[in-house]
Amino acid sequence: MEQEKKTFKILSIDGGGIKGLYSSTILEHLEEKYKCSISDHFDMLCGTSTGGLIALALSLKIPAKDISKLYSEEGQKIFPKMSKLKGIIKQVLFKGKFPQKPLKDSLQNLFHDKELKESNNLLCIPSFCLTNGKTRVFKKNHSVLDRDDEILYVDVALATSAAPTYFPVHEIHSLSRQQFVDGGVWANNPTMVGLLEAITFFVGDGKEYGSIEILSISSLTKSNGLPIGSRKEKSFLHWRNDLFETFMSGQNFFTNFFMEKMAIHMPVPIKYTRIPTAEVSSKNECLVQMDLATNDALDLMKSMGCDTATVYSKKDEIAQFFKTKKTYSINN
C-alpha cells in the first residue's frame, strides 16, 4: 500500500504598512492560545511589505508579541506625524514621504546581521526589481533553489516594504546594486505566490507532499468605497494615500476570490482559510491608514486585532493548523 503523503502548510500575511499591527496581534494571540511558536507549525511563511517583515521575524522564531511591540514602540518614528500639506509636498516634489533610516534602524535592531540561510522555514517574500523590470520573490534556499541564502534579512525587509512615494527605493549591494520597491505593487496578498511555489516544488505527483493547507492573515482595511457623485477627474494630489490603498485592496479581494475557487477545482487537495479584516466603523476609518501611527490609530489596530483573534482562535479550522507541526526539514 502506498504511504499517505504529507500535508504542506503555508502561512500568508498581507501588506499594509503600520496596519501590520493588526496582523501581528492576531498571530500573537494564536501563539498564546496554542502555546507555540508560529514557525513550528508552517512549512512555508509568505509575506508582502509589512507582512514580509512579520514573516521574516517569525521565521527566526521571534515571538509575535515582540513584533507587535516593534509596531507599537517604533511606529511613530517610522511614520512621523506631519501635516497633510507637508506630506503632499514631500510625496509629489521630493524624495518620498518618509526617510528610510528609522525603518532600517528598527529592522537592524530586530534582525541584526542575519542572512536568509538562518531561516527556520521556507520563505516567499515578494518585491519588484526596478533594475530589470521584473517581479522578484526572495526565498529560503531548498533542494531545487540555490540563490538567496546570503542576502541579509534587513535587505529583504526593506526591499519588500519600499512603498513608492512613501519610502526610498531600496538598493541591495550584494545583488550588484539592484533596486527594489514594495511587493505590494503586484502581490499585496502573497497567498498565490506561496501556492505556486508549493505546487512547483513540493506538492503533487512525484513529490513529497500530497495536499496543501493555507492560513491567510489580512491586514486591517477600510471599505475604500466612495459615494455616488464623487470627483471623477483625479490627479495624484486628489488620490494621495487612496491610490496605493486601492491597489492593495483590489489585489487582496481578487486573491481571496481566486483562492476560494482554486481550493475547489485544483487537482491537489487544498484547504484554504482566511482571517479577514475587521469591520471598521465610518467614524474610525480616518484612523485606518498605512502610514498613520498616532496613539489612537495604534490602539484601534491592536484592539481590533485582539477582537478578531478572540473570535477566530476558537474556530476548528484555525485550531487544526496548530494540532500538527511542520514536516519540511530545513537544513541551516
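In this talk a residue is called buried if its relative accessible area is under 20%, exposed if that area is over 50%, and partly exposed in between, with a 1.4 Å probe and protein chains only. Helices (H or I, at least four residues) and strands (E, at least two) are DSSP runs, numbered from the N terminus.

Good morning. The structure before you is a predicted model, in which local features need pLDDT of at least 70 and side-chain atom pairs count only at pLDDT 80 or more, while totals for chains, interfaces and linings use all residues. Residues are numbered from 1 along each chain as its sequence is written, and side-chain values use heavy atoms, with hydrogens and water left out.

I begin with helix α1, which covers residues 20-34. The buried residues of this helix are Gly20, Leu21, Tyr22, Ser23, Ser24, Thr25, Ile26, Leu27, Glu28, Leu30 and Glu31. Because 11 of its 15 residues are buried, α1 is largely enclosed by the rest of the structure. What span should its 15 residues have at 1.5 Å a residue? The expected span is 1.5 Å times one less than the number of residues. For α1 this gives 21 Å, and the C-alpha atoms at its ends are 21 Å apart, in agreement. After the helix comes Lys35, with a positive phi near 50 degrees.

I turn now to strand β3, residues 122-129. Seven of its eight residues are buried, and the strand is thus mostly covered. Which strands pair with β3? Two strands are said to pair if DSSP finds at least two bridges between them. Strand β2, residues 44-47, pairs with β3 in the parallel sense over three bridges. Here Cys46 has Cys124 of β3 as its bridge partner. Strand β4, residues 134-139, pairs with β3 in the antiparallel sense over six bridges. Opposite Pro126 stands Val137 of β4. The hairpin of β3 and β4 has four residues between the strands, and in this hairpin Gly133 takes a positive phi near 65 degrees. Finally, strand β6, residues 178-182, runs antiparallel to β3 and is joined to it by three bridges. Asp182 in β6 is the bridge partner of Ser127.

Several loop residues also deserve attention. Ser119 lies in the loop between α5 (101-111) and β3. With a relative accessible area of 0%, Ser119 is buried. A polar atom of the Ser119 side chain lies 2.6 Å from the backbone oxygen of Asn121. In sequence, Ser119 and Ile330 are 211 residues apart, yet their C-alpha atoms are 8.1 Å apart in space.

In the loop between β4 and α6 (153-160) we find His142. His142 is buried, with a relative accessible area of 10%. What does His142 touch, leaving aside its neighbours within four places in sequence? Counting as a contact heavy atoms within 4.5 Å, His142 meets Leu122, Glu197, Phe201, Phe202 and Tyr328.

Two further loop residues have a positive phi without being glycine. Ser49, with phi near 55 degrees, is in the loop between β2 and α2 (50-59). Arg177, with phi of about 65 degrees, is in the loop between β5 (170-172) and β6. Are these residues buried or exposed? Ser49 is buried, with a relative accessible area of 5%, whereas Arg177 is exposed, with a value of 52%.

Thank you for your attention.

Notes:
Polar contact = N/O pair within 3.5 Å; in protein donor to acceptor, adjacent residues only side chain to side chain.
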